[in-house]
Structures are given as C-alpha cells and as structure tokens.
Amino acid sequence: MSINLLKGCRTGHLPMAKVAVRFICQVCGTSHNRWNGKCEGCGEWNTLVEEVVEKHRALVASASAPIPSLYTIDDPTLVDLTKVRYSTSFGEFNRVCGGGIVPGSVILVGGDPGIGKSTLLLQIACDVSGHTPCLYLSGEESVQQLQMRAKRVGVKAEHLQIGSCTSLEEIQNLLARHKNTKLLVVDSIQTISSDALEAAAGSVSQVRACSQSLIHLAKKQGISVILVGHVTKEGTIAGPRVLEHMVDTVLYFEGERHYDFRILRAVKNRFGATNEIGLFAMEQHGLAEVTNPSALFLSDRAQGISGTAVFAGIEGTRPVLCEIQALVSKSYLGMPRRTTVGWDSARLAMILAVLESRAGFTFGSMDVYLNVVGGLKINEPAADLAVAAALISAIINKPINPSYVFFGEIGLGGEVRPVHQTEARLKEAEKLGFLKALCAQKKGVETSLPIARLELLKDLSRQLA
Ligand SMILES: Nc1ncnc2c1ncn2[C@@H]1O[C@H](COP(=O)(O)OP(=O)(O)OP(=O)(O)O)[C@@H](O)[C@H]1O
Ligand SMILES: [Mg+2]
Ligand SMILES: [Zn+2]
C-alpha cells in the first residue's frame with residue numbers, strides 16, 4: 001500500500017487586496033463597523049471579534065460573456081450532471097448523496113469530534129480514487145498520520161493523492177498542478193486560512209472566504225469538493241450559518257459515543273432527498289456499512305418487558321424499524337418529569353394529553369420517560385401510535401406481544417390517521433418476521449401481513465389490554 005505524496009507546494013501570488021478592520025460576530029457572521037457588546041444580527045453577547053478583512057474588489061462586467069438561456073432542448077452539450085455521479089462502493093454513502101457524488105458539487109460533512117469523519121472520507125476518497133483522480137488534503141493531520149490511518153483501515157490507496165496543508169492558496173496551487181483532479185477532500189474547513197485575510201484560521205471571515213473560494217473553484221472547474229466542518233457544542237456546524245446555504249449538500253455524521261454505529265444524515269441536498277440516512281458501524285478496520293438497519297436496531301430487544309413497542313418508520317426513502325421504550329413511575333416532584341431521548345418532548349406532551357382525555361389513562365402524578373433505542377432520532381408523526389402503545393403498556397404494566405408492529409399519527413380527537421408509505425412499512429415488518437401490524441385504515445393497501453386497523457386510540461388500548 002502506498003499513498004502518493006504531494007511535495008513542495010508553493011504559495012501563489014495573489015493580487016493585493018484592500019484591507020479593512022471589521023468586527024465580526026463569531027456566531028452569525030454579521031459584520032459591524034465598531035465593537036459592540038451585543039451583536040445586532042443575532043442578539044448574542046460578547047461574540048464580536050476584530051478581524052482584518054479583504055475589501056471586495058469592484059465587479060467588472062465581462063463584455064464578452066454571453067448570457068445563455070436556461071434550457072435548449074436540442075443542445076447536445078448539455079449533460080445532466082446528476083446522471084454522471086461518482087459512485088463509491090459504499091451504497092449507504094451513495095444513497096445519502098442522492099445516488100453518488102455529483103461532479104462540481106460541494107458537500108459539507110459535519111460531526112462531533114472523534115465521530116469518524118476523517119475515517120469515512122479517507123475510505124471514500126480511496127474508493128473513488130480507484131476510477132477518478134482524487135486529492136485528500138488535511139489541515140489537522142500530518143501525512144504520516146494519514147498514512148497510519150490508511151494502513152490501519154486497510155484501504156487501497158495507491159491512486160489517492162494526499163497532502164497536509166492549511167492554506168487556501170496552497171490548495172489552489174495544488175489544484176492548478178493536478179489539473180485532472182475530480183474530487184477534492186478538505187479536512188477541515190476550519191483549519192484552512194487565506195493569506196489575503198488577517199483573521200485567524202477558523203474565524204467566521206476565514207471560514208466564509210475559504211469556502212466561498214473553494215465553492216467557486218468547484219463550480220468553475222467541475223471539481224467535486226467535500227469539506228469537513230467542525231460542529232459547535234450546540235450541534236451546528238461551526239462558523240457562519242451561511243456556510244450551509246452556500247454548499248449543495250450538508251451531511252451530518254452522528255452517533256452515540258457508546259454505540260458502534262454511526263448515522264450519516266442528509267439535512268440538505270440539492271441533488272437528492274433530504275432526511276436520507278446511511279448507516280455505518282465503526283469497527284477496528286474503519287467504517288463498515290450496515291445494510292439492514294432494522295435488524296441492527298431490533299437486535300437486542302428485551303422480551304417480556306412492559307413499555308416497549310416496535311415502530312415501523314421511514315428514514316428518508318427507506319423503512320427502518322426501531323424500538324420505543326416508555327417508563328412510567330410515581331412522581332415525587334411537584335411537577336412530574338417528562339424526559340425524552342430521540343423524540344420531541346412537545347409531541348410526548350400532546351400524546352399524554354390525548355391518552356388522558358380520549359382514552360382515560362392518567363399520567364398526572366407520574367414521571368414519564370421515553371427513549372428511542374439505539375440512539376436513533378425520530379421526527380415522524382407516524383411514530384405517535386408506537387409511542388402511545390409503549391405508554392399504555394407501561395402504565396397498565398403489561399408487555400406488548402413482541403410480534404406486533406405499530407405506526408400511525410394520532411390527532412387531538414384521539415383518531416388514528418394513516419401515514420405515507422404504508423406499504424413499504426408493512427413489507428419491511430413482514431420481512432423481519434413480525435406477525436401483525438397495528439395501524440390506521442388506508443384504502444388500497446395490498447399486503448400479506450395481518451393488520452389490525454385502528455380508527456381511535458380506544459381501539460389501541462383494547463388491542464393491548
Ligand atoms: N486503533 C483503532 N482501533 C479502532 N478504532 C479506532 C482506532 N483508532 C481510531 N479509532 C476510531 O476512530 C475514531 C476517530 O475517527 P476520526 O479520526 O475519523 O474522527 P474525526 O471525526 O475525524 O475526528 P476529529 O474531529 O478529531 O477530526 C475514534 O473515535 C475511534 O472510534
Ligand atoms: Mg478528523
Ligand atoms: Zn451575531
């Protein structure tokens with residue numbers, strides 16, 4: 001195994017730019033003329049930092065460039081870039097991107113420290129480099145460290161060009177010298193700085209300027225760029241929020257520290273469905289894809305315990321079954337506790353209220369805990385019915401038949417509403433050996449899985465009693 005090293009990157013000559021001192025909010029990126037305790041853009045306190053920024057050069061209209069029309073039916077040069085995507089051997093990654101990496105697109109990958117961003121991108125870059133010229137640049141690790149990781153992960157890296165650099169100008173130079181590069185990975189955007197700005201690397205103006213310049217480069221030369229972005233403790237990508245608007249695709253790499261599996265989630269995609277997830281497991285030899293998520297999430301299911309229900313959900317375009325657990329215990333607090341993990345707490349409050357008013361269950365003096373097993377986060381209202389089932393099972397202290405699966409939205413009137421992709425959910429449940437689905441009435445659904453059709457929440461409590 002060997003990795004091609006890039007040697008002697010020179011810093012290029014940039015035209016001198018006018019500079020000015022501005023005060024930039026490190027949270028929202030708003031620029032102020034003078035220092036202020038409070039940012040006028042986002043209202044945060046003590047976030048303004050003095051930065052020397054480049055003044056915009058005057059735009060000179062190019063007289064020679066004609067303005068093309070949007071679309072000409074018989075234009076033979078018009079290539080649908082979404083049809084010539086670079087695909088990797090990671091089906092999970094391809095799907096999250098909408099079917100592979102679109103040439104000239106910019107992908108931002110965010111994630112907590114140590115979650116495996118560099119590992120994932122190194123594996124992907126090695127993979128793509130088998131058929132497409134790739135350049136992997138790290139501002140965080142030395143070349144030797146990259147080589148060590150590649151060796152540990154055991155990737156085929158003969159064709160991957162790697163380098164360690166922290167300067168935008170150096171990246172531009174490298175790309176000028178490696179004209180055939182089609183995929184550029186920059187790990188991470190917060191470590192890259194431009195000589196034209198005096199602000200420190202990682203500051204809002206550097207992050208914005210460097211990403212702008214890389215995006216421009218991607219669009220102009222048709223190079224796909226993958227940027228790694230650090231996340232703040234609030235869980236958003238560090239730097240200006242505009243960064244997410246500027247790029248084509250935003251992926252978050254998430255996972256619980258205590259579990260091996262990682263979720264790659266598309267939160268924005270100009271070339272594919274959002275909310276698509278890809279599943280990986282962090283193993284000794286790097287990341288391996290998990291192609292059967294439902295089996296993973298249901299693998300350690302406890303038997304014979306009250307308060308757990310299986311939800312047939314849809315993540316992006318794919319059905320994913322997972323377990324929802326509820327615990328109800330007598331409260332010793334003036335205001336009983338309502339704790340949720342992986343589910344919206346306002347939604348829990350609503351379901352508790354509906355269970356109380358429409359189905360006669362009282363949770364008033366009880367602490368209620370709700371947990372989506374495996375660290376998955378669910379935001380589909382279709383999980384209402386599974387949540388209600390887990391809560392009912394917990395409060396009557398009677399386990400639910402382990403071969404039941406639930407999905408359906410609950411209305412304030414206590415009615416159970418049908419949800420989209422009913423057939424896909426039923427098919428997945430059947431594939432995993434479930435024997436009965438409890439869901440809403442939906443016309444025209446064909447399935448061989450027995451269904452208990454529910455109209456009202458009361459029907460559910462009758463099924464579980
Ligand atoms: N020798 C090893 N054996 C098994 N797993 C390892 C080993 N070394 C590292 N790892 C795994 O790789 C993870 C770090 O991956 P990686 O460096 O790709 O993360 P990252 O998201 O790029 O982190 P950072 O934010 O620091 O750049 C560790 O958390 C660990 O789980
Ligand atoms: Mg890293
Ligand atoms: Zn601000």
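Predicted model: local features only at pLDDT ≥ 70, side-chain atom pairs only at ≥ 80, totals over all residues.
Does Arg 270 count as buried, partly exposed or exposed, and at what relative accessibility? Arg 270 counts as partly exposed, because its relative accessibility is 46%.

## Salt bridges around Asp 248

Arg 270 forms a salt bridge with Asp 248, and the closest N and O atoms of the two are 2.7 Å apart. Arg 270 lies in the loop between β11 and β12 (277-283) and Asp 248 in the loop between α6 and β10, so the bridge ties together parts separated by 22 residues in sequence. Asp 248 is itself buried, with a relative accessible area of 2%.

Asp 248 also forms a salt bridge with Lys 219, where the closest N and O atoms are 2.5 Å apart. This pair links distant parts of the chain, 29 residues apart: Asp 248 is in the loop between α6 (242-246) and β10 (249-254), while Lys 219 belongs to helix α5 (residues 204-221). Lys 219 counts as partly exposed, at 44% relative accessibility.

## Other salt bridges

A search of the whole structure finds 15 salt bridges. Side chains of opposite charge can pair when their charged atoms come close. One of the bridges joins Glu 92 to Arg 95, with the closest N and O atoms 3.5 Å apart. Both residues lie in helix α1 (residues 91-96), three residues apart, which is about one turn of the helix. Glu 92 is buried, with a relative accessible area of 3%, whereas Arg 95 is partly exposed at 23%.

A network of salt bridges links Arg 347, Asp 384, Glu 409, Glu 415 and Arg 417.

Lys 268 is located in strand β11 (residues 261-269). This lysine is buried yet has no salt bridge; the nearest side chain of opposite charge belongs to Asp 248, 6.4 Å away. The side chain of Lys 268 does reach the backbone oxygen of Glu 244, at 3.0 Å.

Ser 294 is found in helix α7 (residues 293-297), and it is buried, with a relative accessible area of 0%. A polar contact of 2.7 Å joins its side chain to that of Glu 428.

## The ligand site

There are 13 residues around ligand 1, of which Gly 114, Lys 117, Ser 118, Thr 119 and Arg 149 come nearest. By class, the residues of this shell divide into three nonpolar, five polar and five charged. A backbone N or O atom of Gly 114 lies 2.8 Å from an oxygen atom of the ligand. An N or O atom in the side chain of Glu 140 is 3.3 Å from a ligand oxygen atom, and a polar side-chain atom of Arg 149 lies 2.8 Å from an oxygen atom of ligand 1.

Taken alone, ligand 1 exposes 650 Å², and the protein buries 63% of that area. The elements giving two or more residues to the shell are α2 (117-129) and α3 (143-153). Of the elements, α2 gives the most, with three residues.

Terms used: Residues numbered from 1 in each chain as written. Chains lettered and ligands numbered in written order. Heavy atoms only, no water. Near = heavy atom within 4 Å. Polar contact = N/O pair within 3.5 Å; in protein donor to acceptor, adjacent residues only side chain to side chain. Areas by Shrake-Rupley, 256 points an atom, 1.4 Å probe, with all protein chains shown as cover. Helix = DSSP H or I, 4+ residues; strand = E, 2+ residues; numbered from the N terminus. Nonpolar A, V, L, I, M, F, W, Y, C, P; charged D, E, K, R; others polar. Buried < 20%, exposed > 50% of the residue type's maximum accessible area, 1.4 Å probe, protein only. Lys, Arg positive; Asp, Glu negative; His and termini not counted. Salt bridge = Lys/Arg side-chain N within 4 Å of Asp/Glu carboxyl O.
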